[in-house]
Structure formats: structure tokens, C-alpha cells
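Please keep the sequence and the structure in view while reading.

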Amino acid sequence: MTDLMEKIVALCKRRGFIYPGSEIYGGLGGTWDYGPLGAELKRNIKNVWWKDVVQLREDMVGVDTSIMLNPKVWEASGHVEAFTDPLVECKVCHARIRADAKDEIEKHGKSHDKKVDWTEPQKFNLLVKAYLGVLEDKQAEIYLRGEITQGVHVNFKNVLDSSRVKLPFGIAQIGKAFRNEITPGNFTFRSREFEQMEVQYYINPQKDEGEKWYEYWKKFWMDWYISLGINGDNLHFKDHKEGERAHYAKAATDIEYNSPFGWAEFMGIHHRGDWDLSRHEQYSGQSMKYKDPETGEEFIPWDIESSAGIDRSALFFLIDAYTEDDKRVYLKLHPKLAPFKAAVFPLLANKPDLVKLAREIYEDLKQDLMVAWDERGNIGGRYASQDEIGTPFCITVDFQSLEDKTVTVRDRDTTKQDRVKIVDLRDYLNGKIK
Ligand code: ATP
């Protein structure tokens, strides 16, 4: 592991962002638990995403579908068939190739600069099996969802019939997915249990607007990650070439991040054509057609899918925010993502008047914002502690506060302090958090 990754993993454990899963029992490979700060970070990512994708848009609705689906769903989606061959996995890029496809293996080996190692051939089924009911027999065998996508497609008709959506429109979903990854690793980057946030954006195939919407979503997501503080130089698109993408995909690209372990995918934008809905129509025998309200024509829409990993997003937000200078370590997290928006301190913990006023401010602000309280040690130590977890503002109640009802507000990135009237604090913070 690189130095930077080691520092981040250590910080995540020490400050309560991310712990190894089931740690007291020796762990469970490929699982991670989010601590008090990690839970806030993840929640913030999801809330900002949902607001920007669902709340602020008229062409989008959200759903929350089951983790357990009828096994036929995975037959229709191609997952059962595609994931049960004996495969070898490239240890460099994790591409999986059928063990008997000698030419492909050789060709793939040449596509990397470095020497390629392969895992032993294994009958891989990426879908995680579970038994539903009391008997562990074939009939009770189901899969935990390997992606959150299919729960959306199987509800396409339900959404059409129960809401007033009209093409083009999107269905958004956030939720857990599970994969029997053969080689989990790079901290949370490749886990066996992880969370995704996805948009399936359905468009009219007859309007020939596939390219337009595909480009629209590519730009939307690139802008979104940059607006939340990721340095644009650390992001790029990696288009899937013809032979690399699924046979039904009309176009596909990944947004990759320049991570300490190399450029790595954290979301994909895929023009999937009508593959998923057509397959579900075929396998379920139920119509997946959309009736155009103007022309009366019926057709299966195309889908432009955006699929992002929340754990990978959180990891890359943390890596990008991690800043060390000669004096301190701080996380330059965007205020919208920071676990705490502000911390409140009395300058001295043994002065009851200062503590009383600081508590009042803390109790008041926390009605609206996630705010931390700290009265331990000296003020320098408290600043350092908040910097390390990315708290953008530290509010200190000092002796002047008792006289003129103002406090100091210190900015995490510049370390400059403003004097702000207590009555204006909420507006001041809200203005900066936007
Ligand atoms: P990879 O090539 O890295 O295995 P993928 O192409 O299989 O990823 P998709 O099926 O397109 O990934 O899933 C969409 C998103 O879900 C990914 O961009 C990633 O952010 C997230 N994701 C997929 N697999 C994992 C995993 N094992 N751990 C964490 N996140 C994952």
C-alpha cells in the first residue's frame, strides 16, 4: 500500500470514519463498517446526490426496491449466465476472462505495460447466494442483488402507471449491492458489500437523442464531482472501446479518479439501449412498452444509465481532501460533505460563563446543522482535531463574547478568523455551506 493510502486508512480507523468489518472476530474479507464520522460522510453524499438528482428535477423520481429479487430477474439480466463460467481474473485490472479463451487471455496480457498475473481458474459466480425460507434447498435459493439496477427496471411499469412521468424521465435509486469479488482490496475500493447510487434515464429511441443524453449525463456527473471539491485534474473519462463493452451497450464510459493505486473507476455512464427492458419483457411475459401520449405509438425506451459507488466516492472524496502542510494535516472536504459543519468551544473549560454561552450556541445551531462540541485541552489542540476530520468552521466563545455577543469563527482552510455576531451565526454558516 502506498504511504498516502496507509495514512488515510489509519486516519479513518483512528477518527471513526471506517473500520474493518467484524474486526473483533478477525474480520470478514471485503467488508467495512462506517463509524460515527464515516456514517455522516456517506449520508451527506447520499443527501446531496438525492437533492440534485431527484428533489431539484421534474424529470426524475426515486424508488427504493428490494435487495432480494425473484431469481428470474438475474436470468433475464444475464447475470446468472455470465457469472457461472470458469474464469481467470487479471490481477492488474480485475478483468475476468473465461479460462478457456486462450487467445483473449494472451491478447489481454499484452494490453498492460506490466507483466500480468492471473488467478487460478475458478467457477465464479459474482452473485451472492442466500436461502430464503426454512429449507436450504434449490428452490429456496436466491441471490442478493449484484447491482441495484434491476430493481428499477422491473418496476418500470409500476412507475409509469402510478406517477405522471413522461419520456424523457429518470428513476433514481440508492442502495446496497453484493458481489462475490474474487480479489477485494484497496481499502473500500473493491468490497463484497457496497452501496450504489444510480439513475436509469429512459429516452425515446425514435427521436435519435441517445448521443445527446449520453453526453448530457457524462457532463452532469463530471461537473457534479468537481462542484463537490474534487480536483478536476484527478478525473477523466475512460471510454469503453467496441470490444470492451457489453454486446448490447451502444456506448459506455467510466469516470476514473487518479488514486494512489492508479486511475480507478468510481462511476460508469452506459447507453444500454433497450436491453434490460426487452429482456424483462421476454422473461416475464409482461409488456415493458411505453405509449407515447401524443402519437399513441408503443415502444420500449432506451436507457442511459449512471451508476456510481458510494463507498468509492467517499474514498476518493477523502483522498482528494487529504492535505498535509508543514504545520498540520487537514481534510479539505466540501462543507456539504464534511461530517460536522462546525464545532463550538468555550475558550476555557473552567469558566462557567463561557461554557454556558457556548452551550447555548451549540444547542441552538444543532437544531439545523451537524455541530460538534469540544471543551477538552487547549484551543490549538481542538483546532487540530477538527481540521483532521474536515470540520470547516470552529466557533470560539471568548471573554469578548460575554460583552458584545460576538464569537470568532475560524476557517479550516485559511485558518483566518472572523468576528461574527451570535445572532448572525446561522446565516453566516448557511451562506458558507452552500
Ligand atoms: P469494476 O470494473 O471495478 O469491477 P464494475 O465495472 O464491475 O467495476 P459496475 O458494475 O459498473 O462496476 O458498478 C457500478 C459502480 O459500482 C462502480 O463504478 C463502482 O463505483 C461500484 N462498485 C462496483 N463493484 C464494487 C465493489 N466491489 N466495491 C465497491 N464498489 C463497487
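In what order do the three strands of the open sheet lie, and is their pairing parallel or antiparallel? The order is E5-E4-E6, and the pairing is antiparallel. The model described here is predicted, and its protein chain holds 14 helices and 23 strands.

**Overall chain**

- The C-alpha trace of the protein chain spans about 75 × 55 × 50 Å along its principal axes, and 51% of the 434 residues count as buried.
- The accessible surface of the protein chain comes to about 21700 Å², and carbon and sulfur atoms account for 49% of that area.
- Of the contacts in the protein chain between residues at least 6 apart in sequence, 64% join residues that are at least 24 apart.

**The open sheet of three strands**

- In the open sheet with the order E5-E4-E6, the edge strands are E5 (96-98) and E6 (122-123), each of which pairs on one side only.
- Strand E4, which covers residues 86-89, pairs with E5 in the antiparallel sense over three bridges, and Leu87 has Arg98 in E5 as its bridge partner.

**Strand E9 and its partners**

- Strand E9 (residues 169-178) is largely enclosed by the rest of the structure, because nine of its 10 residues are buried.
- Strand E3 (residues 60-63) runs parallel to E9 and is joined to it by four bridges, with Ile171 in E9 as the bridge partner of Val61.
- Strand E10 (residues 193-203) pairs with E9 in the antiparallel sense over 10 bridges, and here the bridge partner of Ile171 is Gln200 in E10.

**Helix H11**

- Helix H11 has 14 residues, and the distance from its first C-alpha to its last is 20 Å, close to the 20 Å expected at 1.5 Å a residue.
- The buried residues of H11 are Leu354, Val355, Leu357, Ala358, Ile361, Tyr362 and Leu365.
- These buried residues pack against several strands, namely E19 (342-346), E20 (371-373), E21 (393-397) and E22 (406-411), and also against the helices H13 and H14 (425-433).
- Within H11 (residues 352-365), Glu360 and Lys356 are four residues apart and are therefore separated by about one helical turn; the two form a salt bridge in which the closest N and O atoms are 3.4 Å apart.
- Of this pair, Lys356 counts as exposed, at 53% relative accessibility, while Glu360 is partly exposed, with a relative accessible area of 43%.
- Arg359 and Glu363 likewise lie in H11, four residues and about one turn of the helix apart, and form a salt bridge whose closest N and O atoms are 3.0 Å apart.
- Both members of this second pair are partly exposed, Arg359 at 30% relative accessibility and Glu363 with a relative accessible area of 33%.

**Salt bridges elsewhere**

- The count of salt bridges comes to 32.
- One of them joins Glu305 and Arg272, with the closest N and O atoms 3.7 Å apart; the pair links distant parts of the chain, since Glu305 lies in strand E16 (residues 302-309) and Arg272 in strand E13 (residues 262-273), 33 residues apart.
- Glu305 is buried, with a relative accessible area of 4%, and Arg272 is also buried, with a relative accessible area of 7%.
- Salt bridges also link Lys42, Lys46, Glu195 and Asp311 in a network.

**A nonpolar patch on the surface**

- Leu348, Phe399 and Leu402 form a nonpolar patch on the surface, and together they have about 230 Å² of accessible area.
- Leu402 lies in helix H13 (residues 399-404) and counts as partly exposed because its relative accessibility is 32%.
- Helix H13 is also among the elements against which the buried residues of H11 pack.

Terms used. Residues are numbered from 1 along each chain as its sequence is written. This is a predicted model: local features need pLDDT of at least 70, side-chain atom pairs count only at pLDDT 80 or more; totals for chains, interfaces and linings use all residues. Side-chain values use heavy atoms; hydrogens and water are left out. Patches are made of residues with over 30% relative accessible area and no salt bridge: like charges are joined within 9 Å, nonpolar side chains (Val, Leu, Ile, Met, Phe, Trp, Tyr) within 5 Å. Accessible areas come from the Shrake-Rupley method with a 1.4 Å probe; for residues, only the protein chains shown count as cover. A salt bridge is a side-chain nitrogen of Lys or Arg within 4 Å of a carboxyl oxygen of Asp or Glu. Helices (H or I, at least four residues) and strands (E, at least two) are DSSP runs, numbered from the N terminus. Buried means under 20% relative accessible area, exposed over 50%, partly exposed in between (1.4 Å probe, protein chains only). Two strands pair if DSSP finds at least two bridges between them. The expected span of a helix is 1.5 Å times one less than its number of residues. Contact means heavy atoms within 4.5 Å.
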